[in-house]
Structure formats: structure tokens, C-alpha cells
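Colleague: I would like to learn how to read a few features of a model. Please give the general idea and then the case at hand.

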Amino acid sequence: MIERFMDQIVENVKAERTKRGISQLALAQILGHKSPNYVAKIETRKHDVSYNLEHLYKIAYEFGIEVRDLIPQMKKATK
């Protein structure tokens with residue numbers, strides 16, 4: 001379940017990034033990196049790298065959205 005949750009965060013960030021016409025390089029720079037490789041590794045989900053809360057804060061701030069807009073809603077399990 002956690003993998004799907006993390007995948008959805010990546011998809012949400014990527015959708016917001018592409019909607020705004022922001023390149024992987026520009027997003028990497030927002031996150032404090034000089035190369036787009038970091039974002040590319042996250043978006044391919046093959047290198048065990050992911051966004052952390054600081055990243056999500058910076059992304060939300062730059063995009064003018066709330067952090068919660070990047071995090072998928074969790075549904076409560078019924079017992």
C-alpha cells in the first residue's frame with residue numbers, strides 16, 4: 001500500500017509540474033539541486049528516491065497550492 005501511496009504523490013507532483021510547463025531541471029532547482037537527474041529518478045520510481053516533506057512544502061509554495069493537494073486522500077478501512 002505504501003508504494004501505491006508514494007507513486008500517487010509522484011504522479012500528483014508530475015501532473016502539477018507539467019500543467020505549469022515546468023521542466024524537471026526547474027523543479028530540481030526549486031528543490032535545491034543543480035541537475036534534473038534527481039527529479040527524473042523520483043519520477044521513474046526505480047532508484048528508491050522520493051519526495052520528502054520539505055520537498056512537498058517547497059513545491060506547493062512555488063506552485064501556489066497546498067501541500068495536501070499533492071498528497072492522495074486516504075480512505076479509512078472498514079472493519
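Modeller: What follows goes through a helix, a contact, some backbone angles and a pocket.

Modeller: This is a predicted model, in which local features need pLDDT of at least 70 and side-chain atom pairs count only at pLDDT 80 or more, while totals for chains, interfaces and linings use all residues. Residues are numbered from 1 along each chain as its sequence is written, and side-chain values use heavy atoms, with hydrogens and water left out.

Colleague: Which residues of helix α4 are buried?

Modeller: Two terms come in here. Helices are DSSP runs (H or I, at least four residues), numbered from the N terminus, as are strands (E, at least two). Buried means under 20% relative accessible area, exposed over 50%, and partly exposed in between (1.4 Å probe, protein chains only). In α4, which spans residues 53-63, the buried set is H55, L56, I59, A60 and F63. These buried residues fall within an arc of 125° seen down the axis of α4, so they line one face of the helix. The arc is taken from the directions from the helix axis to the C-beta atoms.

Colleague: What is exposed on the other side of α4, and what covers the buried residues?

Modeller: L53, E54, Y57 and Y61 are exposed on the other side. The cover over the buried residues includes α1 (2-19), α2 (24-30) and α3, where contact means heavy atoms within 4.5 Å.

Colleague: Which residue caps the N-terminal end of α4?

Modeller: N52 does, with a side-chain oxygen 2.9 Å from the backbone nitrogen of E54. Just after α4, G64 has a positive phi of about 70°.

Colleague: With which side chain does E43 make a polar contact?

Modeller: A polar contact is a pair of N or O atoms within 3.5 Å; within protein, one must be able to donate a hydrogen and the other to accept it, and residues adjacent in sequence count only if both atoms are side-chain atoms. The side chain of E43 pairs with that of R17 at 2.9 Å. E43 belongs to helix α3 (residues 37-44), and R17 to helix α1. E43 counts as buried because its relative accessibility is 12%; R17 counts as buried at 8%. Leaving out residues up to four places away in sequence, E43 touches V10, K14, R17, Q24 and Y51. With that same exclusion, the residues touched by R17 include L27 and F63.

Colleague: Which residues have a positive phi although they are not glycines?

Modeller: Most residues other than glycine have a negative phi. Here R45 has a positive phi of about 55°, and D48 also has one of about 55°. R45 is partly exposed at a relative accessible area of 25%, whereas D48 is exposed at 79%.

Colleague: How much space lies in the largest pocket?

Modeller: On a 1 Å grid over the protein atoms alone, a pocket is an open set of points where a 1.4 Å probe fits, with protein on both sides within 12 Å along at least five of seven lines; lining residues have an atom within 4 Å of a point. Grid points are joined across faces, edges and corners, and the volume is the space filled by probe spheres set on the points. The largest pocket holds about 220 Å³. Its lining consists of M1, I2, R4, F5, Q8, P72, Q73, M74 and K75.
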